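Here is a quick tour of a single-chain model, written to be read with the viewer open. Have a look first, then come back for the details.

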Amino acid sequence: MESNLQQPIGHESLFLVKTRTCPACRTAIALLDDRGVAYAPILADEHESIARRYDIRAVPTLVMTAPDGTWQKWTGVDGIRSFLREREARMRMPAGAATQSTAGHESDNPSGRTV
């Protein structure tokens, strides 16, 4: 069931863990939508197994999963802004340039709201 909750982005999937009442989540959604980022919204209280799997302790948290099982997450509005900057930098890279992914990488940003 969880794989159906993710939107493909190239070879990766993104989902945003949020709550219904979180103001920072609404800001994160606006940032992602304004930049045309495809993601699946996930309500933390309805998908607790996802929150446990990716050790999500605050919302909003954006998680990117790769087919090889590696994943990264960015927590809080500042963390999601960091993701957008990284994404834009990758998009400007020449074709074939090496990129590096870190399994379980977590943004150091503490601005997320505790779940």
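Predicted model: local features only at pLDDT ≥ 70, side-chain atom pairs only at ≥ 80, totals over all residues.

Residues are numbered from 1 along each chain as its sequence is written, and side-chain values use heavy atoms, with hydrogens and water left out.

The average pLDDT (the predictor's confidence in each residue, from 0 to 100) is 81 for the chain, and 72% of the residues score at least 70. Helix H1 does best with a mean of 98, while strand S1 (residues 7-9) sits lowest in confidence at 43. A contact here means heavy atoms within 4.5 Å.

**The layout**

The chain has three helices and eight strands, in the order β-β-α-β-α-β-β-β-α-β-β. Both are DSSP runs numbered from the N terminus: helices are H or I with at least four residues, strands are E with at least two. Of the contacts between residues at least 6 apart in sequence, 69% join residues at least 24 apart.

Buried residues account for 43% of the 115 in the chain. Buried means under 20% relative accessible area, exposed over 50%, and partly exposed in between (1.4 Å probe, protein chains only). The exposed surface comes to about 6,700 Å², with carbon and sulfur atoms supplying 49% of it; these areas come from the Shrake-Rupley method with a 1.4 Å probe, and for residues only the protein chains shown count as cover.

**Strand pairings**

Strands pair if DSSP finds at least two bridges between them.

| Pair | Bridges | Direction |
|---|---|---|
| S2 and S3 (residues 40-43) | four bridges | parallel |
| S2 and S5 | five bridges | antiparallel |
| S5 and S6 (residues 71-75) | five bridges | antiparallel |

Val-17 stands opposite Ile-42 in S3. Leu-16 has Leu-62 in S5 as its bridge partner, and Leu-62 in turn is partnered by Trp-74 in S6.

S2, H1 and S3 form a right-handed β-α-β unit. Right-handed means that, with the strands pointing away from the viewer, the path from the first strand over the helix to the second runs clockwise. S5 and S6 make a hairpin with five residues between them, and Gly-69 in that turn has a positive phi of about 95 degrees.

How many residues of S5 are buried? Five of the five are, so S5 is largely enclosed by the rest of the structure. Thr-61, Val-63 and Thr-65 point one way, Leu-62 and Met-64 the other.

**The cores**

A nonpolar core is a set of buried Ala, Val, Leu, Ile, Met, Phe, Trp, Tyr and Cys residues joined through side-chain atoms within 4.5 Å. The largest one holds 14 residues, and Leu-14, Leu-16, Leu-32, Leu-62, Ile-80, Phe-83 and Leu-84 have the most contacts inside it. S2 (12-18), H1 (23-34), S5 (61-65) and H3 (76-92) each give at least two residues to this core, with H3 giving the largest share, four. Another core of 13 residues lies apart from it, including Phe-15, Val-17, Tyr-54 and Val-59.

Tyr-39 is in the loop between H1 and S3 and is buried, at 13% relative accessible area. Its C-alpha atom is 4.8 Å from that of Leu-14, 25 residues apart along the chain.

The peptide bond from Val-59 to Pro-60 is cis, with omega near 0 degrees. Pro-60 lies in the loop between S4 (58-59) and S5.

Asp-55, in the loop between helix H2 (48-53) and S4, has a positive phi near 50 degrees despite being a residue other than glycine. Asp-55 is partly exposed, with a relative accessible area of 37%.
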